Amino acid sequence: MSSSAGALAHHFANIHQQRTAARLGMWIFLLTEVMFFGGAIATYCIYRTLHPYVFEAAGRELSKPLGTLNTVVLITSSLTMALSVVAAHSGNRRRLLGWLAATMGLGLVFLGVKAIEWYTEYAHHRVPGLNFTPDELGPTAELFFACYFALTSLHALHMIIGLAVMGVLVRLAYQGRLGPERFIPVEVTGLYWHFVDIVWIFLFPLLYLL
Amino acid sequence: MKMSAIEPRTDYLNAGYSVRSWLLTQDHKRIALLYLLAITCMFFIGGAAAVLFRLDLMTPDADLVQSETYNKLFTMHGVIMVFFFLIPSIPAVLGNFLLPLMIGARDLAFPKLNLLSWYVFIAGGAFTIWAIVHGGVDTGWTFYTPYTSTYSNTHVMSTALGVFIVGFSSILTALNFLVTIHTMRAPGLTWFRLPLFVWTMYATSLVIMLGTPVLSIVIFLVALERGLGFGIFDPALGGDPLLFQHLFWFYSHPAVYIMVLPAMGVISELVTCFARKRVFGYHFIVLASLGIAVLGFLVWGHHMFVSGQSVYAGMVFSILSFLVAVPSAIKVFNWTATLYGGQIGYETPMLYALGFVGLFTIGGLTGLFLATTAVDVHVHDTYFVVAHFHYIMVGGAVMAYLGGIHYWWPKITGRMYPEWWARLSALMIFVGFNLTFFPQFILGYLGMPRRYHVYPEEFQMLNVLSSAGASILGVGYLLPMAYFTWSLWYSPLAGDNPWGATGLEWQTTSPPPTENFPVIPTVVTEPYDYETNSDQTITVRRQGEFAHE
Amino acid sequence: MSAHAHQQHDATGHHDEAGSVKLYVTIFVALLVLTAATVAASNVPLGRWHIPVAISIAVIKALLVLLFFMHLLGGSRLQWLVVAAAGCFATIFVSLIGADYASRDWYLPPPAPLEQQIWQPAEIPPSAPADKP
C-alpha cells in the first residue's frame with residue numbers, strides 16, 4: 001500500500017534525498033551518543049587508572065559468566081536486527097515481523113539477565129547510596145560500583161528506548177506500512193541498535209574482564 | 001530566479017490564525033517565531049536578575065538583598081542567559097527562519113523534530129523557572145561539585161534537569177541543521193556558494209553535536225551523586241571534583257563558540273550587504289569558522305589554570321588557547337577589509353555590526369590575557385573575567401543577534417522597523433554596554449572578585465559607573481521590544497528586498513509563503529555578488545530616507 | 001557523487017539478499033569467536049598486557065559491527081566523515097583529560113625550608129583595627 005509517492009514528505013525533492021537525510025540524521029545522532037557514552041566511559045577509565053587495584057578487585061565481584069552470556073545475547077540480537085533490515089528491504093513482511101520479534105526477545109533477555117545481576121549486587125550490599133557497605137576494599141570500591149551502575153543503567157536505558165522503537169516498528173510492519181519502499185525506519189533503528197551493541201562491546205571488557 | 005509569478009499575499013503568517021496552527025505547526029518560520037517569543041521572555045527574566053544585583057552592587061554593603069538571594073540572582077542570570085537565551089538565540093530563531101530560505105529548501109529536513117525541539121526547550125525552561133519560583137539555586141551557572149552535589153541546599157536538581165533537557169533541544173536543532181545543509185541545498189548551490197551565515201550554522205551545529213552530550217552526561221552524573229548518593233565526584237571515595245570541571249568545560253567552553261559563531265555569520269552578512277561589496281576572503285572566513293569549531297574543543301583547560309590541574313596540561317591548554325585567536329582574527333581582518341573601499345551605509349543593522357567588530361575585538365584580545373597562565377593567576381575569578389566574557393557574549397553575540405533581527409525583520413514580518421528609534425537604541429546599547437563592562441575590566445584588574453556580594457569602599461566608584469551603564473543598557477533593550485511591536489501594525493510595508501541584498505532569502509516574498517519558494521531557484525553565482533549585479537535601489541532608498549528625516 | 005553512493009547503498013539490501021545473510025552470519029560467528037577470545041584472555045596471566053589485549057579485541061569487534069552490520073563499508077563518504085569525526089573528537093576528549101591526570105605529579109614543588117613549613121600567624125600591625133574602619 002505504501003508507494004514511493006506516499007512515502008515522500010512534501011519538503012523533499014525526491015525519495016533519495018529523503019532517505020539520505022534520514023540515514024545521515026541517525027549517523028549524526030549516533031555521533032552525539034559517542035560523546036555521551038564517551039564522557040561516562042572516560043570517567044570510569046580515569047578512575048580505574050587512579051585506583052587500579054581496588055577497581056580490579058571490585059570488578060572481579062561481577063559475574064563473568066552472566067556478562068559473557070549477555071554479550072552473546074546482544075551480539076545475536078544485532079544479527080537478528082541486521083536480518084530484519086534485509087527482510088524490510090525485500091518486503092517480506094512475515095520475516096520482518098519474525099526477526100524484529102526475535103530482536104526484541106533477545107533485548108528483553110539481556111535486560112532480564114542484567115536485572116538478575118543488579119539484584120545480586122543489591123543482595124551483596126553493593127549498591128551505592130542504597131545499601132553499600134564497605135568491606136576490606138575500602139570506600140573506593142563504592143566509586144567502582146557507582147561507575148558500574150551509572151554505565152550499565154545508561155546502557156539499559158538505551159536498550160529500553162530501542163525496544164520501544166521496535167515495538168512501534170512491529171506495529172507498522174503488522175499494518176503493512178513497511179516495505180521495499182519504506183524500509184528507512186527499520187534501517188535507522190538498526191543503526192541505533194547496533195550502536196547500543198557497540199557500547200556494550202566496550203563496557204563488557206572494561207567492567208567485567210579487566 | 002525572478003519571483004514575479006506569485007499569487008499575492010499568501011504567506012506563512014496568514015496561512016492560519018488559530019492557536020493550533022501555531023502550536024502544532026511544522027513550518028520552520030513559525031517555529032522560529034515561537035522560539036523568538038520564548039527566548040525573549042527568558043532574556044527579560046535573566047535581565048531582571050541582572051538589574052537587581054547591579055542595583056545591589058551600587059553600594060559596598062548588602063543593602064537591597066541578602067547574600068543568599070544575591071547568590072541566587074547571579075546564578076539565575078547565568079543559567080538563563082547562557083542556556084536559555086544565548087545558546088538558542090541566533091541558531092533557533094534566525095537560523096531556523098533563514099537556513100531553509102538561504103539554501104533554497106522548502107523546510108528543514110525533519111520538521112516534526114524541529115517542533116519537538118521547541119517543546120523540549122519549553123519543558124527545560126519550565127523546570128528551571130519552577131526552580132527559581134520555588135526558591136532558586138545558588139551554585140553559579142557552572143554547577144561545580146562538590147558544592148552542587150553535596151552542600152547546596154537549593155533547587156539544584158530541577159535546575160540541572162532543566163539544563164539537561166534544554167540540551168536535547170539544541171541537539172535536535174543542530175541535527176536538523178546539519179542534515180538540511182548536507183542534503184537539501186538548491187540545485188547549483190555548491191558548498192562554496194553557501195552564504196557565510198549557513199557556514200557558521202554548520203560549524204555551530206557541529207560544536208553542539210559534539211559538546212552538548214558531554215554536558216548531559218556530566219549533569220546526569222551529578223544528579224546521580226546528589227539524588228541517589230552515588231558519590232562519583234566525591235573525594236572521600238577517591239573521586240575527583242576536577243574531573244567534573246573537565247567534563248563541564250569540555251562542553252561549556254565550546255558553548256562560547258556556539259554563541260559567537262552564529263554571531264560571526266550574521267555579521268558577515270551585514271557587513272557585506274551594507275558595504276555594498278563582495279565579502280573579502282570568503283574561503284578564509286569559511287575555514288576560520290570550521291577552525292574555530294575544531295580548535296574550540298582543545299582549550300577548555302584554561303578555565304582550570306588555578307585549580308589542581310597539572311601545570312603541564314595548563315601549558316598545553318594555554319598554547320592551544322592562543323591558537324583560537326588566529327581564526328578569530330582572520331575574521332576580524334576580513335570584515336575590516338570588506339569595509340575598505342565599500343559604499344558604507346549606516347542603517348541600524350550596520351551600526352550593530354560595526355559595534356560587534358569593535359567589542360568582539362576587545363573581548364577577544366582580553367581573552368589572550370586570560371589564556372596566559374601567569375596573568376590568569378592574577379585575574380582569575382575577578383571582574384576582569386566577567387567583563388571579558390560579556391564583551392564576547394553581550395558585545396558580540398547579543399549585538400549580532402539584534403543586528404540580525406533588525407536586518408531580517410522586513411523578511412520575517414514584511415514590515416520595516418522605525419529607523420530613527422532603532423538607531424537610537426543601537427547607540428544606547430553600545431554606550432550602555434561599554435559603560436557597564438569597561439569599568440569591570442579595571443575592577444577585576446584591581447582585584448575585585450566576581451560573585452561577591454560586598455566589596456571594599458574603594459571599588460564603589462567603578463561599580464556605580466557599571467550600574468549606571470546597566471540602566472542605559474536596559475532601556476536600550478526595552479526600546480526594540482516597543483518599536484518592533486509597534487512596527488507590526490504601523491510600519492510601512494518593506495517589499496521583498498529592502499536592502500538590495502543578495503541571497504536567496506531576499507528573492508522570495510516578504511513574508512515568505514509557507515513553502516518558501518513557488519519554484520525552487522537554481523543558483524548560478526557566488527553568494528555576495530554585489531559588484532557585478534549592483535542594485536542601485538538601495539542608494540535611492542537611502543537618499544529618500546534621509547530627506548524624510 | 002553522494003547520490004550515486006546512496007543508490008549503491010540502497011541496492012545492498014535489494015539484490016544480494018542471500019549473500020548479505022551469509023555475510024551477516026559470518027560476522028556474527030567472528031564476533032562470537034572474539035568474545036570467547038577476550039574472555040579466555042582475561043583468565044590467562046598476561047600481566048600488564050591485559051588491558052591492551054582486551055581493548056584491541058573490543059575495537060576489532062566494534063569495527064566489525066560498524067563496517068558490516070551498520071554498512072559503513074560501501075557507505076557514503078559522509079558516513080565515513082561522521083565516524084571519523086566521532087573518533088577524532090572522542091580521542092581529543094580522552095587524551096587531553098588524560099594528559100592532565102598523567103602529568104599531575106610530574107612537577108612537585110621542592111620542599112620548603114623547615115622554618116617555612118611551620119605555620120606561623122601573620123603579624124598584624126597594631127595600627128589596623130580588626131573590623132571595618
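Trainee: What is the area buried between chain A and chain B?

Mentor: The area buried between chain A and chain B is about 2,800 Å², where buried area is the accessible area (1.4 Å probe) that two parts lose on being put together, summed over both. Carbon and sulfur atoms give 77% of this area. Please note that this is a predicted model, in which local features need pLDDT of at least 70, side-chain atom pairs count only at pLDDT 80 or more, and totals for chains, interfaces and linings use all residues. Residues are numbered from 1 along each chain as its sequence is written, chains are lettered from A and ligands numbered from 1 in the order in which they are written, and side-chain values use heavy atoms, with hydrogens and water left out.

Trainee: How many helices and strands does chain C have?

Mentor: Chain C has 5 helices and 0 strands. Helices (H or I, at least four residues) and strands (E, at least two) are DSSP runs, numbered from the N terminus. Of the 133 residues in chain C, 33% are buried, where buried means under 20% relative accessible area, exposed over 50%, and partly exposed in between (1.4 Å probe, protein chains only).

Trainee: Turning to chain A, where does α7(A) have a kink?

Mentor: The kink, of about 30 degrees, lies at A:L203, shortly before the proline A:P205. The bend at a residue is the angle between axes fitted to the seven residues ending there and the seven starting there.

Trainee: Why is α7(A) described as largely enclosed by the rest of the structure?

Mentor: Because 24 of its 26 residues are buried, α7(A) is largely enclosed by the rest of the structure.

Trainee: Which residues have the most contacts inside the largest nonpolar core?

Mentor: They are B:F83, B:F233 and B:Y407, in a core of 293 residues. Such a core is a set of buried Ala, Val, Leu, Ile, Met, Phe, Trp, Tyr and Cys residues joined through side-chain atoms within 4.5 Å. Helix α8 (residues 241-274) of chain B gives the most to this core, with 23 residues.

Trainee: What is B:F83 in contact with, leaving aside its neighbours within four places in sequence?

Mentor: Its contacts include B:W141, B:V166 and B:Y251. B:V166 lies in helix α6 (residues 156-183) of chain B and counts as buried, at 7% relative accessibility.

Trainee: Where is B:P146?

Mentor: B:P146 lies in the loop between α4 (111-133) and α5 (147-151) of chain B. The peptide bond from B:T145 to B:P146 is cis, with omega near 0 degrees.

Trainee: Is B:R276 buried or exposed?

Mentor: B:R276 is buried, with a relative accessible area of 10%. Although B:R276 is not a glycine, its phi is positive, at about 50 degrees.

Notes: Contact means heavy atoms within 4.5 Å.
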